[in-house]
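This report covers local features of one model.

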Amino acid sequence: MKSSKETGLYIILSIIITGSILLGFVVQGVNSTLKGLIALQTRPARLITDYTALEGVGAALVNSGLVAALGLGVVKLSKVILSGPTIAGILTMMGFALFGKTLLNCIPIMIGVYLSAKVANKPFAAYLLMALFGTALGPLVTFLVFQSGLNGSLAMSLGVLAGIGTGFCLPPIAISMLHLHQGYNLYNIGFSCGFFGLFVASLFTAAKINLDIKVIWNTEPSLALILYIPALSGFLILCSILMGHKKAFLDFLSIQKLPGRLPSDFVDQLSAEGTLLNMGLLGLSGSVYVYVTKGDFNGPVLGGLLTLIGFGSFGKHLKNCWPVVTGVVLSCFTFGKNLAAPGPILAALFGTTLAPLAGQFGVTIGIAAGFVHLFMVERTAAWHGGLDLYNNGFSGGLTAALFVALIEWYRTTRQTLS
Amino acid sequence: MKEYILHLIGEIARYILDGDPSRMVISLHREQDGIHLAILDNNPRSEKEIESIRSALNPERRPELSEYYGIMAGHDLLGSSRLNLVGWQVKHAEVSRTQEGTKIDLWLGGENFDSSVFSIPKERTGT
């Protein structure tokens, strides 16, 4: 039976998803949006393809809402409670559906994860998070179906089968990858997908299939896109206040004391009220960062902000995020990079995948991790040919693994010596 | 099963050792349909601390977290110990105060766990 807290979260997410779909139709018109939405399913999905620059803002927003609705529906069907991890999964799917995920490329991967659960004789609920986040490899499906040069039904079959196969392989990889960074990289599936993507990209390279990275980036975002995240954040803050402003504030303060290491379900550990306030304030802070750095509020940036908000229920908070962002900014200054350029701005937003390092080991480690993350993430996309949408999760996993190894060695050595 | 038990023991032992006790006893008993694990220390704890251990070890059922992240229990030990990783994987947990410290009882069993065939105190399980 659902608790009133969970019902409240269902209502809030439903409002956000419906609002996104309605906004899409309003800004682009029904016919044009529907045409654009259908066209989006066939367009390239590898990094970085900004859907708001391809078929219009409306089509991108409706695609985003529909993919999030798919995630919410799968959570409901699997009978897993709607809480921190599932909220993070749904909002991450929603964000990435502005630049890479579509219904068409998400569903085969989810089916693959479902089959994997069946083979392992486990309920689908046990692998639900892998199904939600695993859609990061959706571009593989789109690429094989529409960009591989194969024709009609053969391309469709191959793409769908590849998606199912990918989903099938993900759970064991994801479980194994956790040990490398010990839960200090929040986007563990991104790390796993990047690892898997290395093999796929190498296979394509061997078959002389071109996987060069192209950047399609909307440099003139509309007012609707600029106001989208501040309005969404304001809505979340309002909800938290309406649910109980004193509890929301006190629990928000308590959340700031948690390290945020995987798995940290803030809704379960503290409360829905405090978590919503944390999510809203993270969204607002992220928006201020984008505004101050003169970044573009386009599909990928909104994706970063939505993911930041989503993980505000599952590991991220202001106190463990700011050191990582500071590290990314320092790295940009050191290497003469423009903070508003695609790589750096996405690294600042998504780099908060390393927030648990700052939460557990302090500000200095957090800044150092952010610093390293920037130059790593600019390198790693080419390794998997942009097939893993969570490239920051891949890079973050490598960075976290490095830091965990060094910290573990240092602590063990010091303990042995003392 | 052996590795699974070792990981759970590792995580809970780490939690106990974080409290810097001068004595820790881990006792394992095979029961009719699973395992009973008892961990004792001589570290005095407040009622609030005991309640917090109790709630961490008796969480709501979370299959999406236990199957995926539960693997980290007793394995990935850099950072704070995490009793919830243990709690998601045990069938029942009891925390009680002893003369000099705390006793944690954990019962591990299969999918068709039946508390009546375990040595769980009846008044606790409500049976």
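B:Ser81 counts as buried, because its relative accessibility is 15% and buried means under 20% relative accessible area, exposed over 50%, partly exposed in between (1.4 Å probe, protein chains only). The model is predicted: local features need pLDDT of at least 70, side-chain atom pairs count only at pLDDT 80 or more, and totals for chains, interfaces and linings use all residues. Residues are numbered from 1 along each chain as its sequence is written, chains are lettered from A and ligands numbered from 1 in the order in which they are written, and side-chain values use heavy atoms, with hydrogens and water left out.

**B:Ser81 and its partners**

B:Ser81 sits in the loop between α3 (63-69) and α4 (83-87) of chain B. Helices (H or I, at least four residues) and strands (E, at least two) are DSSP runs, numbered from the N terminus. The side chain of B:Ser81 makes a polar contact of 3.1 Å with the side chain of B:Asp18. A polar contact is a pair of N or O atoms within 3.5 Å; within protein, one must be able to donate a hydrogen and the other to accept it, and residues adjacent in sequence count only if both atoms are side-chain atoms. Neighbours within four places in sequence aside, B:Ser81 is in contact (heavy atoms within 4.5 Å) with B:Glu11, B:Arg14, B:Tyr15 and B:Asp18.

A:Thr293 lies in the loop between α13 (272-292) and α14 (299-310) of chain A. A:Thr293 is buried, because its relative accessible area is 12%. Its side chain reaches the backbone oxygen of A:Tyr289 at 2.8 Å. Setting aside neighbours within four places in sequence, A:Thr293 is in contact with A:Leu339, A:Ala340 and A:Ile345.

Ala, Val, Leu, Ile, Met, Phe, Trp, Tyr, Cys and Pro count as nonpolar, Asp, Glu, Lys and Arg as charged, and the others, Gly among them, as polar.

How far apart are the axes of α13(A) and α16 (residues 342-350) of chain A? They are 11 Å apart, and the helices pack at an angle of about 160 degrees. Axes are lines fitted to C-alpha atoms, for helices over the stretch in contact, and angles run from 0 to 180 degrees between N-to-C directions. α13(A) and α16(A) are therefore roughly antiparallel. Angles under 35 degrees count as roughly parallel, over 145 as roughly antiparallel, 65 to 115 as roughly perpendicular and the rest as oblique. The crossing of α13(A) past α16(A) is right-handed. A crossing is left-handed if the near helix is turned anticlockwise from the far one by less than a right angle, and right-handed if clockwise.

**α5 against α14**

Helix α5 (residues 84-96) of chain A crosses α14(A) at roughly 175 degrees, and their axes come within 7 Å. α5(A) is therefore roughly antiparallel to α14(A). From α5(A), the contact residues are A:Ala88, A:Leu91, A:Thr92, A:Met94, A:Gly95 and A:Phe96. α14(A) supplies A:Gly299, A:Gly303, A:Leu306, A:Thr307, A:Ile309 and A:Gly310. The residues of this contact divide into 6 nonpolar, 6 polar and no charged.

**Backbone geometry in chain A**

| Item | Value |
|---|---|
| A:Leu47 to A:Ile48, cis peptide bond | omega near -15 degrees |
| A:Leu262 to A:Pro263, cis peptide bond | omega about -10 degrees |
| A:Gln182, not a glycine | positive phi of about 55 degrees |
| A:Lys208, not a glycine | positive phi near 60 degrees |

A:Ile48 lies in the loop between α2 (30-42) and α3 (51-54). A:Pro263 is in the loop between α11 (223-255) and α12 (266-269). A:Gln182 is in the loop between α9 (152-181) and α10 (188-206). A:Gln182 is buried, with a relative accessible area of 5%. A:Lys208 is in the loop between α10 and α11. A:Lys208 is exposed at 78%.

A:Ile189 is in helix α10 of chain A. Its relative accessible area is 3%, so A:Ile189 is buried. Outside four places in sequence, the contacts of A:Ile189 include A:Met130, A:Phe133 and B:Tyr68. A:Ile189 and A:Leu178 are 11 residues apart in sequence and 9.0 Å apart in space, C-alpha to C-alpha.

A:Trp322 is in helix α15 (residues 318-334) of chain A. A:Trp322 is partly exposed, with a relative accessible area of 43%.
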